[in-house]
Amino acid sequence: MKTQLYILCLLVFFISMGCHQMKKTDSERKSDVNVAGNEQFEIPEIIIPLSTDLNLKEDTFLINNLELLGKIWGFLKYHHPEIASGKYDWDNELFQFMPEYLKIKEIGQRDETLLNWIEKYGEISPCATCRETSAQAYLKPDFLWVEKGQMSIDLKKKIMEIYRNRYQGPGSHYIRMVRQIGNPEFLNEKSYPSTFLNTSCRLLALFRYWNIVQYFYPYKYLTEKNWDEVLKIYIPSFILSKTELDYQLSVLQLTSEINDTHAAHLQGAMKVDSLRGDMQAPFRVQFIENKLVVTYYYDSELKGMAGLEVGDFITHVNGKKIEYIIDSIKSYYPASNEEVRKMNLANDLVRSNSNTIHIDYNSSGIKKQKELTLYNRNSLDMRDKLDFFAGKKTSYDSILIENDSSFIGYITLKTIREHEIENIKKAFNHSKGIIIDIRNYPSTFVPFLLGTYFVSKDVPFAKFTLGEINNPGEFNFIPMENKIPKSKEPYKGILVVIVNEKTISQAEYTAMAFRAGDNTVILGSQTAGADGNVSYINLPGGLQTMFSGIGVYYPDGGETQRIGIVPDIKVKPTIKGIREGRDELLEKAIEIIKNDSKWNEIKRRQSKPMFFL
């Protein structure tokens, strides 16, 4: 049973995102040849007559037509039995259809053209196995775009006829669910690595991504924008992109719309990375008390040349307020919540293609300015140097309590190994408390291996929703809840789990498991809010993005996506603490374990999560 749970719940590890240079000659830009099965086809360079001011009546008509085309193309891709089975190269069918479609001048002609296009792919046979959406479904397929769409009744009827008799099978040509886990895996999606300047391929990228989210993203209902409106919003920027950089920035903004920190890594976006720059300040910065604070130097020898002290905070870069810069770039940093977005963009604020940047900063209350020398990023050791017990041979150690014969156990999941777990249990069995630090990404999957040590009975701690491959857009809770199995000899002391915005995905799931413990308190700040196994999406231009592929919830249905793991005690670093070289979250965790009266107060108030001490 434990093995089944382990396989079912294993969250996909982040992998280092490699990049592939996209190069293309002038002759290649004119036409691209790609392989479809054993045949070759030429991707046409389609001229789409969209003006840059977007105010013309013709622009509105064109954008509305392209929006409808994108939605119908995606619907057919996942529902039409002949198309979903892979009988046709569906990208190529779009490329071949678009020139005729762009000539349309009025709505009636448009709808008739779309109907004729659909009927080209054959009659729809009655489906004996197609079932209606479950009344208990957590999410149901969304066809408001059909019901409320400005299209003919005949076209609406045709779409719904295909839906009632949609493709059924173990998996379509374009999607399958990962075995024993259930997140979607998107198949046979060509990356067209040399076609970033091809308008038809850029539009394909938008259509492909929008429909994948429409039918297979478990958190579509949590996006800030109504997802139904996003396709129309992005049609102009994808069409009007003139450079590779324009296109990559448009993709970044599009992926930001799903409000998922997992989407922050866009593989292949070399032009964006080049725009951000190869040169970096010699120190790490972090937002603390809403200030951009210097937290440590990558190389202590560079401190004298830079002149800033740890704890100093930067207010302007090249004459622009930090707040202004954030507002202008934040849409290019996909994130579930603002805390993790600011973490991800912080160090890019002191990054450039120039050798220096001009900064205004505050040092112990004194306003200063300087021309700050930057260094090549490859020459700096940019690894996090603030980990407690960094460099230790083991992932655990003891913290002695002054004036007391007891001690506290400390575990960091960043370096934990499976073989250490039994040693940890033996070493800390008689400790007054244990601190588990998850301000990192775990090196070993421990929710069950270590989580069982802290429970005296079987305790459910999470449940999942999975997409329905034979009814795209439907998501249901799987029958089996995730449970931490009871321990024969459960730990009797206090468990304090430390989290912050670095706690993401598997780390958040692990925090949920530890929260189920008999005597657990979660301490820290809002986590990344990106839970669920990662699914990857290939996009034209050699790009690859990803999103959270399964829905993860508490047993009572409480959200984790975007919200993250809500701490029982909210504690954040302070500028004063940074200046003094203190780990204030760790100090608070030690204080809670040492102070019995404080712990008793926490247990009394724990039914009201997130309070201040």
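User: In which loop does arginine 562 lie?

Analyst: In this predicted model, arginine 562 has a positive phi of about 70° although it is not a glycine. As for its place in the chain, arginine 562 lies in the loop between strand S24 (551-553) and strand S25 (569-570).

User: Strand S25 also belongs to an open sheet of six strands, so what is the order of the strands there?

Analyst: The edge strands of this sheet are strand S14 (396-400) and S25, each of which pairs on one side only. The pairing within the sheet is mixed, and the order of its six strands is S14-S15-S16-S20-S21-S25.

User: Which residue of S25 is the bridge partner of leucine 523?

Analyst: Strand S21, which covers residues 520-524, pairs with S25 in the parallel sense, and the pairing runs over two bridges. In S25, leucine 523 has as its bridge partner isoleucine 569.

User: What angle does the direction of helix H17 make with that of S21?

Analyst: S21 pairs with S25 in the parallel sense. Helix H17 (residues 506-515) packs on the sheet, where the helix touches strand S16 (433-437), strand S20 (494-499) and S21, and its direction makes with that of S21 an angle of about 145°.

User: In the open sheet of three strands, which strands stand at the edges?

Analyst: The three strands of this open sheet follow the order S10-S5-S13, and their pairing is antiparallel. Two of these strands have a single partner strand each, so one side of each is left without a neighbour in the sheet, and these are strand S10 (351-352) and strand S13 (375-376).

User: Which residue in S13 is the bridge partner of glutamine 280?

Analyst: Strand S5, made of residues 279-280, pairs with S13 in the antiparallel sense over two bridges. In S13, the bridge partner of glutamine 280 is tyrosine 375.

User: Is serine 364 buried or exposed?

Analyst: Serine 364 is found in the loop between strand S11 (356-363) and strand S12 (366-373), and its phi is near 55°, a positive value in a residue other than glycine. Its relative accessibility is 57%, and because a residue over 50% is classed as exposed, the answer for serine 364 is exposed.

User: Is histidine 79 buried or exposed?

Analyst: Histidine 79 has its place in helix H3, which covers residues 57-79. Not counting residues up to four places away in sequence, histidine 79 touches Ala84, Phe143, Ile162, Tyr163, Arg166, Tyr167, Tyr215 and Pro472. Its relative accessible area is 0%, and because the class of buried residues takes in values under 20%, histidine 79 is buried.

User: Is the disulfide of cysteine 127 and cysteine 130 right-handed or left-handed?

Analyst: A search of the whole structure finds one disulfide, which joins cysteine 127 to cysteine 130 with an S to S distance of 2.2 Å. Both of these cysteines are buried. The torsion about their S-S bond is about 95°, so the disulfide is right-handed.

User: What is the relative accessible area of cysteine 201?

Analyst: A relative accessible area under 20% makes a residue buried. Cysteine 201 is therefore buried, and its relative accessible area is 1%.

Definitions and conventions: Residues numbered from 1 in each chain as written. Predicted model: local features only at pLDDT ≥ 70, side-chain atom pairs only at ≥ 80, totals over all residues. Heavy atoms only, no water. Helix = DSSP H or I, 4+ residues; strand = E, 2+ residues; numbered from the N terminus. Buried < 20%, exposed > 50% of the residue type's maximum accessible area, 1.4 Å probe, protein only. Contact = heavy atoms within 4.5 Å. Disulfide = S-S within 2.5 Å. Pairing = 2+ DSSP bridges. Axes fitted to C-alpha atoms, helices over the stretch in contact; angles between N-to-C directions.
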